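Student: I would like to learn how to read a fold from a model. Could you take me through one, starting wherever you like?

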Amino acid sequence: LFDLNDQKRREMTKTMIDQRDKAMVKGNLNEFENKNLNCWLQVKVDSYLSLKSIDNAVVKKPPINIHGREVYIGLDISHASDDTAVAFVFPYVDDEGTTKFYVKQHSFVPLARSQMNLDIKSGKDGIDYAAAERLGYCDVMREGRGYISDTAVYDYIKNFVDKNDIQIKFVCYDP
């Protein structure tokens, strides 16, 4: 909105405020914030990583054996609308002596605000969650009311750490 001319900025701001007010009345302000405010953030061209850079970083086979290694764990927690993500970041030095990082990521996908329907959630987010689940990249929360279970996230982390005998250096999360 900051880059728009005065008239357009006022119009768009009024529209967003109206949408926010309607969401507050319905009790789903967090959904408004996620969908509308993130849309504005994604418009920014100079984002940290481009999709091409991310695609180029994907590997079919881990470049290192992670067993017994040090790891940093990153968490992005949500419960109802957004996915929860866990990232295991393994620092290593390649054959040329360059420090690199191998990242193993896993998501937890809530169905609570998608009528317990994976197709609706996939359509909203533009992600084929069924394929991601088949490939082992995520767990879809079909139990209970479709909310992400803190216990499921904790158990996933604990099992991954135990199975790979990895040494946790830090657990990082946003407050």
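Tutor: Helices here are DSSP runs of H or I with at least four residues, strands are runs of E with at least two, and both are numbered from the N terminus. This is a predicted model, where local features need pLDDT of at least 70 and side-chain atom pairs count only at pLDDT 80 or more, while totals for chains, interfaces and linings use all residues. Residues are numbered from 1 along each chain as its sequence is written, and side-chain values use heavy atoms, with hydrogens and water left out.

Student: Is Leu51 buried or exposed?

Tutor: Buried means under 20% relative accessible area, exposed over 50%, and partly exposed in between (1.4 Å probe, protein chains only). Leu51 has a relative accessible area of 62%, so this residue is exposed.

Student: Which residues form a nonpolar patch on the surface?

Tutor: Leu49, Leu51, Ile54 and Val58 do, with about 400 Å² of accessible area together. Areas come from the Shrake-Rupley method with a 1.4 Å probe, and for residues only the protein chains shown count as cover. Patch members have over 30% relative accessible area and no salt bridge; like charges are joined within 9 Å, nonpolar side chains (Val, Leu, Ile, Met, Phe, Trp, Tyr) within 5 Å. A salt bridge is a side-chain nitrogen of Lys or Arg within 4 Å of a carboxyl oxygen of Asp or Glu.

Student: Now the sheet. In what order do the five strands stand?

Tutor: Strands of a sheet pair through backbone hydrogen bonds, either parallel or antiparallel. Here the sheet is open, in the order β4-β3-β2-β1-β5, with mixed pairing. β4 (138-141) and β5 (167-173) stand at the edges with a single partner strand each, so one side of each has no neighbour in the sheet. Two strands count as paired if DSSP finds at least two bridges between them.

Student: How many bridges join β2 to β3?

Tutor: Ten, and the two strands, β2 (residues 84-93) and β3 (residues 99-110), run antiparallel. They form a hairpin with five residues between them, and Gly97 in the turn has a positive phi of about 85°.

Student: Where does the parallel pairing come in?

Tutor: Between β3 and β4, which four bridges join. Follow Ser107 in β3: this residue stands opposite Ala85 and also opposite Cys138 in β4.
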